[in-house]
Amino acid sequence: MSIFVNLARVSETALEAIRKEPTLLEALFFETGDAERLAALGLGSERVTGFDYRTLHEALLGLAEAMGEEVDEDQVVFDELAVGGEIDFDAGMGPAFFTPAKDVASVREGMLSDLDAEVKAVLDAAFADGDCLVGVIS
């Protein structure tokens with residue numbers, strides 16, 4: 001079974017709107033719902049990326065083992081994403097999450113940027129623009 005993480009860079013204003021209206025995540029990640037509302041918030045497909053959860057999970061566990069570090073297997077990916085909180089939306093594998101803009105630099109400097117060029121481009125743009133991240137696991 002594949003587990004996919006959908007990730008998007010959003011402004012602080014857009015994050016606030018998403019937290020108040022979580023169904024915007026459905027429109028953002030699954031292209032259903034209110035496209036006009038997304039456009040008004042400056043959100044489009046160029047801000048969205050994704051990656052395989054298990055690939056990152058296994059890479060992080062392997063790195064921790066090689067370095068002799070103990071990690072919480074259930075939290076290691078969320079720690080790597082510097083998750084700052086949950087959003088009341090479930091895409092099938094638990095609640096949506098967000099990373100505050102102040103923590104995007106640590107995500108950008110982590111292993112995720114090394115695993116996928118498209119993800120790296122979104123993280124670089126988020127860092128450059130002072131954006132937050134939002135994500136869902138499906």
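**View 1. Thr32 sits in the loop between helix H2 (24-30) and helix H3 (35-40).** This is a predicted model, in which local features need pLDDT of at least 70 and side-chain atom pairs count only at pLDDT 80 or more, while totals for chains, interfaces and linings use all residues. Residues are numbered from 1 along each chain as its sequence is written, and side-chain values use heavy atoms, with hydrogens and water left out. The helices named here are DSSP runs of H or I with at least four residues, the strands are runs of E with at least two, and both are numbered from the N terminus. Thr32 counts as partly exposed because its relative accessible area is 36% (buried is under 20%, exposed is over 50%, partly exposed is in between; 1.4 Å probe, protein chains only). Set aside the neighbours within four places in sequence, and Thr32 is in contact with Glu26 and Ala27 (contact: heavy atoms within 4.5 Å). Asp79 is 47 residues from Thr32 in sequence and 29 Å from it in space, C-alpha to C-alpha.

**View 2. Here's Arg47, in the loop between H3 and strand S2 (48-52).** With a relative accessible area of 13%, Arg47 is buried. Its side chain reaches the backbone oxygen of Gly42 at 3.0 Å. Leaving aside neighbours within four places in sequence, Arg47 is in contact with several residues, among them Leu7, Val10, Val122 and Asp131.

**View 3. Next up is His57, part of helix H4 (residues 53-66).** Is His57 buried or exposed? His57 is buried, since its relative accessible area is 11%. Beyond the neighbours within four places in sequence, His57 is in contact with Glu73, Val76 and Val77.

**View 4. Time for the open sheet, built from 5 strands in the order S2-S1-S5-S4-S3.** The pairing is antiparallel (two strands pair if DSSP finds at least two bridges between them). S2 and strand S3 (85-90) are the edge strands, each pairing on one side only. On average, neighbouring strands of this sheet are turned by 25 degrees against each other, direction ignored.

**View 5. Zoom in on S3 and strand S4 (residues 95-99), an antiparallel pair joined by 4 bridges.** Which residue of S4 is the bridge partner of Gly85? That partner is Phe98.

**View 6. Helix H4 lies across strand S1 (4-10), S2 and strand S5 (132-137).** H4 runs at about 60 degrees to S2 (axes are lines fitted to C-alpha atoms, for helices over the stretch in contact, and angles run from 0 to 180 degrees between N-to-C directions). Helix H8 (residues 117-129) packs on the sheet too, touching S1, S2 and S5, and its direction makes about 135 degrees with that of S2.

Note on methods. A polar contact is a pair of N or O atoms within 3.5 Å; within protein, one must be able to donate a hydrogen and the other to accept it, and residues adjacent in sequence count only if both atoms are side-chain atoms.
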